[in-house]
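Please look through the structure shown here, with its sequence alongside.

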Amino acid sequence: MSTTKAQPQHGQHPHDNGPFGWLRALGPAGRRAFGGAFGGYALDSYDFFTLPLTMVAISAYFGLDTGQTGLLTTVTLVVSAVGGAFAGVVADRIGRVKALMITVGTYAVFTVLCGFAPNYETLLVFRALQGLGFGGEWAVGAILVAEYASAKHRGRTLGAVQSAWAAGWALAVVVYTLVFQYVDADTAWRVVFWTGALPAVLLVYVRRNVSDAPQATERRLATARTTSGGATFAAIFRGPLLRTTLFAVLLSAGVQGGYYTLATWVPTFLKSDRHLTVVGTGGYLAFLISGAFIGYLTGGYLTDRLGRKKTIALFAVLSAVCILVYTHLPAGANTLLLVLGFPLGFCMSAIFSGFGSFLSELYPTAVRGTGQGFTYNTGRAVGAFFPTLVGYLADSWGVGGALVFGAVGYAIAVLALLGLPETRGQELL
């Protein structure tokens, strides 16, 4: 077992209660770290959604079929596995904050470059390189905050960090709607990518205000001094960590396969199968994103009350059910489709709230970044093939029919939980 009971970490006040007790318990330095991680993940989300929201325009501009379009998302997610895994090692070697800045800077630069792509092949390369930073940000930011949070509040705290994804998603939809309303589609998709430069502002804040958790840093450095070479991938495949790593990868693959299937193809589904306009699509996505934001916060609360495994299993089942219902509504039932966007967004997002705390608690401090970065992002790479498969199936099944394949991912996640321990209430070692 990689965790044990311990005293609260520096700057924490575990007896703080109330709706924002988790925030007070972080202390001043922890709250600054939370701000940096929240902002980084929100802009990570923003830069990711520049692609799904503009896929129809990009497809028309370059004359792509659905398989080629889906490959843009898949290559982003596959390369993000490499970026995320190495970002975890970097975080264990040079610290969480420095690694966070590297990942944010990377995804910002290559998102902007996507807007200058002269052809499909160049766009594919730039999008792949964007994945290097995109993959690492969540794992590094989650660990940074987890090491400030108390065991009592860790689920809610990391759930709040996770909610930044919905905030970034919402901002991307607003920008997309405005840009496509006033700029010709052949140029509008480029403009949306150029707005991916926003994270540069965050880097200034992080550099000036955010630092690693002191006690966790002391443990990490002490371990590094007593072991040769520091954190390595081999370390998470030794002894009892081998089982943990394999099942955590499977869990991540299932959940992210289902999620990215929806995140990639729902905008296209709304346009191609439901024939909605840009403004209409934005309205439907508003319900989906509102549900996602509340789902992240609710899931964080439940992961502290019910436990990590029960919460993930609950929302895996509910997400699969929501996919089936959402994609099989009869033609003309667009009002019901609008309403069902809320529970769909709620369930498919709430399942992620426990990931930050769960994966952090499965690994000791010395390899926490390596373990979390590798498992989450390797799972993302495997799950990345779901959107491409949906793209190819869409030619014969239609986008709505192919989206059902996302439910398979959630079934895989439930099975993976059988091989992992419950970690609720455990302090980080």
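**Contacts, cavity and surface**

The count of aromatic pairs comes to 21, where a pair means rings of Phe, Tyr and Trp (its six-membered ring) with centres within 6.5 Å; planes under 30 degrees apart count as stacked, over 60 as edge-to-face and the rest as tilted. The model is predicted: local features need pLDDT of at least 70, side-chain atom pairs count only at pLDDT 80 or more, and totals for chains, interfaces and linings use all residues. Residues are numbered from 1 along each chain as its sequence is written, and side-chain values use heavy atoms, with hydrogens and water left out.

One of the pairs is formed by F62 and W189, edge-to-face, at 5.7 Å centre to centre and with 65 degrees between the planes. F62 belongs to helix α2 (residues 27–62) and W189 to helix α8 (residues 185–194), so this contact ties together parts that are 127 residues apart in sequence. Helices here are DSSP runs (H or I, at least four residues), numbered from the N terminus. W189 has 0% relative accessibility and therefore counts as buried; buried means under 20% relative accessible area, exposed over 50%, and partly exposed in between (1.4 Å probe, protein chains only).

Another pair, F116 with W194, is tilted, with 5.1 Å centre to centre and 40 degrees between the planes. F116 sits in the loop between α4 (96–114) and α5 (120–146), while W194 is in helix α8, so the pair ties together parts that are 78 residues apart in sequence. F116 counts as exposed because its relative accessibility is 53%, whereas W194, at 32%, is partly exposed.

Aromatic residues also gather in a cluster made up of Y41, F48, F49, F134, W165, W169, Y259, F352, F355 and Y376. Some of these names return in the lining of the largest cavity, which consists of Y41, Q162, W165, Y259, Y260, Y296, F352 and Y376. A cavity is a set of points on a 1 Å grid over the protein atoms alone where a 1.4 Å probe fits but cannot get out, and lining residues have an atom within 4 Å of a point. The count is one cavity of 30 Å³ or more, and the largest cavity holds about 40 Å³ of space. This volume is the space filled by probe spheres set on the points, which are joined across faces, edges and corners.

Charged side chains come next. Seven salt bridges are found in the whole structure, each a side-chain nitrogen of Lys or Arg within 4 Å of a carboxyl oxygen of Asp or Glu. In the bridge between D92 and R96, the closest N and O atoms are 2.7 Å apart. D92 is buried at 5% relative accessible area, and R96 is buried at 1%.

R156 and D304 form a further bridge, with 3.0 Å between the closest N and O atoms. It links distant parts of the chain, as R156 is in helix α6 (residues 154–162) and D304 in helix α12, 148 residues apart. R156 is partly exposed at 21%, and D304 is buried at 10%.

E361 and R308 also form a salt bridge, the closest N and O atoms being 2.6 Å apart. Both E361 and R308 are buried. Salt bridges with shared partners join R154, R156, D304, R308 and E361 into one network.

Key:
Helices (H or I, at least four residues) and strands (E, at least two) are DSSP runs, numbered from the N terminus. On a 1 Å grid over the protein atoms alone, a cavity is a set of points where a 1.4 Å probe fits but cannot get out, and a pocket is an open set with protein on both sides within 12 Å along at least five of seven lines; lining residues have an atom within 4 Å of a point.
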